[in-house]
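Good morning, and thank you for making time for this presentation. I shall go through selected strands, helices and ligand surroundings in turn.

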Amino acid sequence: MKEKIMQIVTKYDADRTRLMDILLDIHDMQGYVDDENIEVLAEALGMSEAEVNETISFYHFFTKTPRGKFTVYLNNSITAVLRGRDAVKSAFEVACGTKFGAVSEDGLFGLFDTSCIGMNDQGPAAIINDRIFTNLTVYRVKELIKGLKEGKKLNELVYESNGDGNNADKDMQSMVQNNIRKGMFLLNKDYNKYEILKEDLSKHSPEEIIQIIEDSNLRGRGGAGFPTGLKWRFGRRVDGEHRIIICNADEGEPGTFKDRVMLTEYPDLVFEGMVVAAYATGADIGLLYLRYEYKYMLKFLNRVLDEMREHNLLGNKILGIKDFDFDIRIQLGAGAYVCGEESALIESLEGKRGEPRDKPPFPVERGYLGYPTIVNNVETLASAVKIVKYGAEWYKGFGTKDSLGTKLLSVSGDCRFPGIYEVEWGTSIREVIEMCGADDVQAIQVGGPSGVLIGVKDVDNLGATDLMKWYKPSGMMVAQKIYDRKLSYSDLPTGGSIIIFNNSRDLLREVVMNFMDFFIEESCGSCSTCRNLPFVMKQKLEKILDGHGVRQDIDDLLNWGKIIKVSRCGLGQTAANPILSSILNFRGLYEKDVKAMTDFDNIFDIEKSVDAANKYLGRKTEFHHN
Amino acid sequence: MNDTIKFKIDSQEIVAKKGQTIVEAAKDNGVYIPTLCNFEGVKPKGCCRMCTIKVNNRFMTACTTPAAAGMEVENDSAELNDIRKSIIELLFVTGNHFCPSCEKSGNCELQAFGYRYQMMVPRFPYNFPQKGIDASSPKIIKDQNRCIMCKRCIKTIKDEEGRNYFAFQNRGSELAVVLDKKLGKEMTDELAKLAMENCPVGSIIYKEIGFEKPIGTRKYDKQPIGSEIEV
Ligand SMILES: Cc1cc2nc3c(=O)[nH]c(=O)nc-3n(C[C@H](O)[C@H](O)[C@H](O)COP(=O)(O)O)c2cc1C
Ligand code: SF4
């Protein structure tokens, strides 16, 4: 075993910044990295064993103990729960003969929960040995496990044909469906592969490209909305031996799956976007950080890169342009939402735990291995290519004044047509509801758990209270009164996750709890606030839902939600949003459960406490406090 | 030539050397900004969030942010001090800190902050989590009940080859600072004592010698934390 580990280490030149790849390769080989392996790695990489373990123990898909011949990671995003996840989970437990979080005695099956895997439009879904199984039902689980026990192979057990489009490609062969419901110019094959690079790029100087992007007012689609042209201009200005372009395909915000579809159907557009960015900024190294959940695309995407190399669109002297050397490597993640945060992503790329960096310095100043680094979302880069082709003026014809162009929405939850919708910025919530065929809507989560919840029976207290000054959501829950609110950077900003809940759903017990669990699970833990407060707030919410709450508890939650805003990165800063936005927009739900709206904290109920003793002793206690 | 810059903290003018962080510049000017995870001589990492200030009305950490000319920093305000107090309370309730029986009492920065911010009853409920103690090293005890994840030991305790004795394990609420099994066995007395000294709380305790200096005569028994800086 030692030799095999050493072979892998040597493949990566014993470079500790490639620890992610080393660990991924070891997992591919045997499914886990144990203490013995860690000893070898530590020795070979010049690290202590505790340091190696620091990286391993951070990532959800790394493990020190075997996780079964077949490892099932069942997605626990809220839409999966709404579509019968509990029954599916029990079906797995019964069929495999083990509980979740454990491996069956025969070592055949390991069952594990996992955060949203980007399949909200076809859940409940699971990853089994890197292959995606969608639309799971109790019946399908039974068939699947029966088949595996009979010795069938996983690919023989895909119960439907392959998905549409490139999902059926020989290098992908996945049952995932694209569910493209509405396309405009991003989801539109109105161009020939690589024609933009071959024909349009060299017509412009790098400076001109940056100017075009600036003129178009393109803003980052990863959630934060930073002006892309400005980022490129900064990047070009900072000196460095190398300059790096990173495409962020970590897509971890529960409810988003648009990057999945872009990479499946338009990978060339995304990679072309990276080449355009490299040309504009003078970058020579390209990295695409692909979340582990999308590993099923890896082979396919690498083939596209090879094809581009053949066309001299990657490599040295691209398109014959002097000094234009640029290539792209795909880095797989290993299961950590926070790695979507750009500086955590860079740490991960350097082989470390995904702990966000303090800013300043920003990645454009000092990023990957200390070099100036430009991080852009998949959709941002693809948009940039279209802007280069059709021009800034054309682009400005779409959207609203402060939010130009289109946005890919990932719509899921209680609606008839979950999937991807490309809409102009400025589209109202009402239009979204009509588009996706949702009725009986109670609430909508805009921007994923870190966003906001808006709803039908809403009180219009947004903007009014002092608290709103604190509450700067990057996403939210919404209600009917504000259905005319528009998706835009100034009103409802969003990375595109839209989750719809109908009136049968319990917003607090099901939805908010699910979101809080998500943040508790995914925090990197570095900040005292983000490590502890979501947990403490969830306990408080439980107290209210158990009927022990008093009015002060609601105020406490609001106040504690302020404290967490001093956390380092967006994860912590938004981790209280599920609670804050549901209090702001659905306060009635809280008040309903708060004990007669008293101020007196009677969490200790003496009558209840002596109940059991009374029953046992067969006596009745007389109380004098009433 | 001109390598000084001027900026303001709570409307007091601060003269700083270029490249200094806000915490360093404040200290040189007799202004105290509370810090807990920060440690002189190593790269800051804003973990504890105690030094949270507002720069041009945005939250920043003073230990990591370089001073810049013309900055307007808010530091000693009711709002920020309450956030700091709440962080101290949070650290108390999410660990198990029984000061009277702790070897570090009086030298503990967390305890000292409790006094400074006049913490009475924390606003958060106590959790009393089950956390272990690692006594496998012949030189030190690593008590997880008291660890506040400041990273000081991770950053400062290394061997000649630069390998870390301490490292993080897991993430989120499961996060822990653990001692490397192998290196922990071969720890020198010198390094073990340094580790205990650098730990702001009582999570790293040097074995064998205890309570050498009686409680009541220790650092923060005599003067509140921060008083060495404040003018
Ligand atoms: C917790 C967290 C998770 C994030 N996840 C993603 C992600 O999955 N994809 C993404 O593009 N940006 C994500 N971001 C935003 C990135 O930090 C960064 O702003 C973005 O990749 C920049 O690209 P853009 O300007 O093109 O949007 C995340 C931010 C935070 C705080
Ligand atoms: S806010 Fe949370 S996720 Fe972000 S750095 Fe701090 S602890 Fe880590």
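Let me begin with a definition: two strands are said to pair if DSSP finds at least two bridges between them. Helices (H or I, at least four residues) and strands (E, at least two) are DSSP runs, numbered from the N terminus. The model is a predicted one, in which local features need pLDDT of at least 70 and side-chain atom pairs count only at pLDDT 80 or more, while totals for chains, interfaces and linings use all residues. Residues are numbered from 1 along each chain as its sequence is written, chains are lettered from A and ligands numbered from 1 in the order in which they are written, and side-chain values use heavy atoms, with hydrogens and water left out.

I turn to chain B. Strand β3 (residues 52–55) of chain B runs antiparallel to strand β5 (residues 72–74) of chain B, and 2 bridges join them. Within this pair, V55(B) has V73(B) in β5(B) as its bridge partner. Both strands belong to an open sheet of 5 strands with mixed pairing, in the order β2-β1-β5-β3-β4 (chain B). Because β2 (12–17) and β4 (58–61) of chain B stand at the edges with a single partner strand each, one side of each has no neighbour in the sheet. On average, neighbouring strands of this sheet are turned by 40 degrees against each other, direction ignored. Helix α2 (residues 78–93) of chain B packs on the sheet, where it touches β3, β4 and β5 of chain B, and its direction makes about 150 degrees with that of β3(B). Here, contact means heavy atoms within 4.5 Å; axes are lines fitted to C-alpha atoms, for helices over the stretch in contact, and angles run from 0 to 180 degrees between N-to-C directions.

Elsewhere in chain B, strands β8 (residues 166–169) and β9 (residues 176–179) run antiparallel and are joined by 4 bridges. One of the pairings links Q169(B) to A176(B) in β9(B). A hairpin is formed by β8(B) and β9(B), with 6 residues between them, and N170(B) in the turn has a positive phi of about 65 degrees.

Next, the ligands. What surrounds ligand 1? Its shell has 19 residues, of which G222(A), E251(A), N376(A), N377(A) and T380(A) are the closest; a residue is near a molecule if one of its heavy atoms lies within 4 Å of it. The largest share, 3 residues, comes from β10(A). By class, this shell holds 4 nonpolar, 9 polar and 6 charged residues; Ala, Val, Leu, Ile, Met, Phe, Trp, Tyr, Cys and Pro count as nonpolar, Asp, Glu, Lys and Arg as charged, and the others, Gly among them, as polar.

Around ligand 2 there are 13 residues, and C524(A), S526(A), C527(A), C530(A) and C569(A) come nearest. They divide into 7 nonpolar, 5 polar and 1 charged.

Finally, chain A also has an open sheet of 5 strands with mixed pairing, ordered β2-β3-β1-β4-β5. Its edges are β2 (102–103) and β5 (131–133) of chain A, each with a single partner strand, so one side of each is left without a neighbour in the sheet. Strand β4 (residues 126–128) of chain A pairs with β5(A) in the antiparallel sense over 3 bridges, and I127(A) has I132(A) as its bridge partner in β5(A).
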